[in-house]
Amino acid sequence: PEAPKAAPVNTVSQYACQRRTTTENNNRIFTDAFEVLAENYEFNDIEGRCLAFRRAASVLKSLPWAVRCVGATQDLPCLGEHTKAVMKEILQYGRSFEVEKILSDERCQTLKLFTSVFGVGPKTAEKWYRRGLRSFSEVLAQPGIHLNRMQQSGFLHYGDISRAVSKAEARAVGNIIDEAVHVITPNAILALTGGFRRGKDFGHDVDFILTTTELGKEENLLISIIESLKKQGLLLFSDYQASTFDISKLPSHRFEAMDHFAKCFLILRLEGSLVEGGLQRAQGDGREWRAVRVDLVSPPVDRYAYTMLGWTGSRMFERDLRRFARLERQMLLDNHALYDKTKVEDFIIPRQTDSLPRQ
Ligand code: ATP
Ligand code: MN
Ligand code: MN
């Protein structure tokens with residue numbers, strides 16, 4: 001009889017939440033190409049393929065080594081024929097012709113440009129493209145185009161908010177919010193989340209969880225902090241979304257990346273003098289401040305742990321954590337709670353001491 005096969009060593013999990021991944025990416029030449037392809041599929045509403053390339057990129061990002069030949073990927077999960085063909089091309093010619101074609105495609109270029117504006121999603125970008133618009137100046141000069149408040153701010157602060165936010169800038173933003181919040185209440189809890197919590201050196205925004213130990217007081221807290229920032233002249237834009245959280249209506253069986261907590265999407269004015277080592281780059285126009293995108297989410301304190309888990313990212317990590325819970329543990333996870341599918345009525349609430357950050 002055939003000898004039993006030895007368990008494979010160093011197998012890479014198909015779930016991002018089971019892959020140890022550092023911020024160092026040894027396979028950027030492939031993952032950058034995959035992101036171009038994924039985004040192009042996203043623009044064309046081909047979700048399956050978009051996800052396939054993002055999954056493949058996530059697997060390659062977790063590798064502590066650089067792929068030097070396609071053969072080396074044979075034991076890796078989530079890499080299909082198409083993905084491998086692209087990798088082969090890159091290994092052989094240093095570039096992928098499919099990717100280059102997309103990058104030089106007018107529609108793709110235009111959609112990428114338009115969606116780079118805060119408040120402009122793929123649908124709006126497509127609409128503008130269909131109207132024959134190809135540049136910001138054409139959009140802004142076009143009669144009959146209505147820009148909402150978010151898009152107006154997006155154009156107004158375009159240069160600043162498309163420039164990466166540094167760790168030092170993120171820290172300075174944290175200090176501003178921390179000071180403002182402790183004037184409002186001594187019971188506040190403020191924690192950094194998102195990419196900076198994962199240890200990234202740069203981000204497109206700064207994300208915070210803001211709550212209070214007094215259950216139920218968290219919603220007013222967000223409104224008070226917005227008011228305080230406004231009074232200090234630091235608020236350039238604010239979109240506040242009130243809580244629609246209702247514990248009795250959970251769990252929601254739809255896949256939801258969005259949660260129901262009170263939150264706000266802000267653009268803040270950050271003075272260079274508050275940033276250790278100064279602003280990321282000279283403004284070139286004599287300005288000593290920059291605009292920074294900031295997200296605040298404000299869950300009730302007994303939902304703190306799930307919010308932290310859900311907002312820390314990355315998006316693929318979150319997605320696979322939910323998929324892992326569902327397929328491997330028969331549980332449902334979202335930003336609000338973790339449910340045992342076999343007895344959905346008693347969902348799992350962490351003890352307060354587990355859910356609060358160490359101060
Ligand atoms: P970046 O450096 O580009 O900001 P990031 O990982 O911080 O990277 P964000 O878009 O800021 O990306 O999102 C951070 C996390 O918060 C993600 O995991 C995302 O799933 C979650 N998130 C963002 N917006 C919402 C929302 N409206 N509802 C629920 N979760 C959200
Ligand atoms: Mn972020
Ligand atoms: Mn964010």
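Guide: Start with a cut-off: a residue is called exposed if its relative accessible area is over 50%, and buried if that area is under 20%. Keep in mind that this is a predicted model.

Visitor: What makes D45 count as exposed or buried?

Guide: The relative accessible area of D45 is 66%. The cut-off for exposed is over 50%, so D45 is exposed. D45 sits in the loop between α1 and α2.

Visitor: Which other residue has a positive phi although it is not a glycine?

Guide: Q330 has one, of about 50°. Q330 belongs to the loop between α14 and β8 (331-333).

Visitor: Why is Q330 called partly exposed?

Guide: Its relative accessible area is 39%.

Visitor: How do you know that the span of helix α1 agrees with its number of residues?

Guide: The expected span is 1.5 Å times one less than the number of residues. For the 16 residues of α1 (residues 28-43) that gives 22 Å, and the end C-alpha atoms are 22 Å apart, so the two agree.

Visitor: Which residues of α1 are buried?

Guide: Among them are F30, F34, L37, Y41 and F43. The buried residues of α1 pack against α2 (47-61), α3 (81-93), α4 (97-103), α5 (106-115) and α6 (122-130).

Visitor: Which residues are the protein donors of the manganese ion (ligand 3)?

Guide: They are D205, D207 and D295, each through OD, at 2.1 to 2.2 Å. Along the chain these donors follow the spacing D-x1-D-x87-D. D205 lies in the loop between β3 (202-203) and β4 (206-212), and D295 in strand β7 (residues 289-298), so the pair ties together parts that are 90 residues apart in sequence.

Visitor: How far apart are the manganese ion (ligand 2) and the manganese ion (ligand 3)?

Guide: They are 3.6 Å apart, and D205 coordinates both.

Visitor: Why are D205, D207 and D295 called buried?

Guide: The cut-off is under 20%. D205 has a relative accessible area of 6%, D207 has 8% and D295 has 7%. Each value is under the cut-off, so each residue is buried.

Visitor: Which residues come nearest to ligand 1?

Guide: Of the 18 residues around ligand 1, they are G195, R198, H204, D205 and R315.

Visitor: What makes the approach of R198 to ligand 1 a polar contact?

Guide: A polar contact is a pair of N or O atoms within 3.5 Å. A polar side-chain atom of R198 is 2.8 Å from an oxygen atom of ligand 1, so the pair is within the limit. For an N or O atom in the side chain of H204 the distance to an oxygen atom of ligand 1 is 2.7 Å, and for D207 the distance is 3.0 Å.

Visitor: How much of ligand 1 does the protein bury?

Guide: Taken alone, ligand 1 exposes 610 Å², and the protein buries 86% of that. The elements giving two or more residues to the shell are α11 (194-197), α13 (304-312) and α14 (315-329).

Visitor: Why is D320 called buried?

Guide: Its relative accessibility is 0%, and the cut-off is under 20%, so D320 counts as buried. D320 is in helix α14, and its side chain makes a polar contact with that of R323 at 3.2 Å. D320 also touches residues including Y15, C17 and R55.

Visitor: Which residues does a cis peptide bond join?

Guide: G313 and S314, with omega at about -5°. S314 lies in the loop between α13 and α14.

Definitions and conventions
Residues numbered from 1 in each chain as written. Chains lettered and ligands numbered in written order. Predicted model: local features only at pLDDT ≥ 70, side-chain atom pairs only at ≥ 80, totals over all residues. Heavy atoms only, no water. Donors = N, O, S within 2.8 Å, 3.2 Å for Na, K, Ca; no water. Buried < 20%, exposed > 50% of the residue type's maximum accessible area, 1.4 Å probe, protein only. Helix = DSSP H or I, 4+ residues; strand = E, 2+ residues; numbered from the N terminus. Contact = heavy atoms within 4.5 Å. Near = heavy atom within 4 Å. Polar contact = N/O pair within 3.5 Å; in protein donor to acceptor, adjacent residues only side chain to side chain. Areas by Shrake-Rupley, 256 points an atom, 1.4 Å probe, with all protein chains shown as cover. Lists of a residue's contacts leave out its neighbours within four places in sequence.
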